[in-house]
Amino acid sequence: VPASEFHMLFVPFESDSSRQRRLEGEEAEDTTTMESQYCRLMAEVLQLSPFRLPIEYERRVLVKAERMRNIQQEVGKSLNKEQQRRFEEDLNRGFRDWLVTSGNLRQVLDLVHLERRGAL
């Protein structure tokens, strides 16, 4: 697959200790400079993975993460809290619909079951 068509699927999984660190970090950070959790976690995945991506693929992932960060900043500046809540609900609904229609829901449910059994 050429780098221009590369997409990294990122399924966030948060352990109890990671959740605690995130919550402590959110309390300490200024929300005007706070980077999205997605971007932070994506950067961690790229840095900590023992399986490095070729540089052109890594750049592609970082460009997409930066786009996501820009979109989140723009939404935060342009919409009030109620509009943000509705926007998030619409995005989540669209994602759930895509999971069902694409057939990917089964994979997500399998991950949930693995997590509940403590396998992850």
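Biologist: What should I know before reading the numbers?

Modeller: The model is predicted, so local features need pLDDT of at least 70 and side-chain atom pairs count only at pLDDT 80 or more, while totals for chains, interfaces and linings use all residues. Residues are numbered from 1 along each chain as its sequence is written, and side-chain values use heavy atoms, leaving out hydrogens and water.

Biologist: How many helices and strands does the chain have?

Modeller: Helices (H or I, at least four residues) and strands (E, at least two) are DSSP runs, numbered from the N terminus. Here there are 5 helices and 0 strands. The pattern along the sequence is α-α-α-α-α.

Biologist: How do I read a helix pair?

Modeller: Two packed helices are described by the angle between their axes and the distance between the axes. Axes are lines fitted to C-alpha atoms, for helices over the stretch in contact, and angles run from 0 to 180 degrees between N-to-C directions. Take H2 (residues 37-48) and H3 (residues 55-78): their axes come within 9 Å and cross at roughly 165°.

Biologist: Why are H2 and H3 called roughly antiparallel?

Modeller: Angles over 145 degrees count as roughly antiparallel. H2 and H3 are therefore roughly antiparallel to each other.

Biologist: Which residues meet between H2 and H3?

Modeller: Contact means heavy atoms within 4.5 Å. From H2 come Tyr38, Cys39, Met42 and Leu46; from H3 come Glu58, Val61, Leu62, Ala65, Met68 and Arg69. They divide into 8 nonpolar, no polar and 2 charged. Nonpolar covers Ala, Val, Leu, Ile, Met, Phe, Trp, Tyr, Cys and Pro; charged covers Asp, Glu, Lys and Arg; the others, Gly among them, are polar.

Biologist: Is Glu58 buried or exposed?

Modeller: Buried means under 20% relative accessible area, exposed over 50% (1.4 Å probe, protein chains only). Glu58 lies in H3. Its relative accessibility is 14%, so Glu58 counts as buried. Beyond neighbours within four places in sequence, Glu58 contacts Leu46, Arg52 and Leu53.

Biologist: How much of the chain is buried?

Modeller: Buried residues make up 11% of the 120 residues.

Definitions and conventions:
Parallel < 35°, antiparallel > 145°, perpendicular 65-115°, else oblique.
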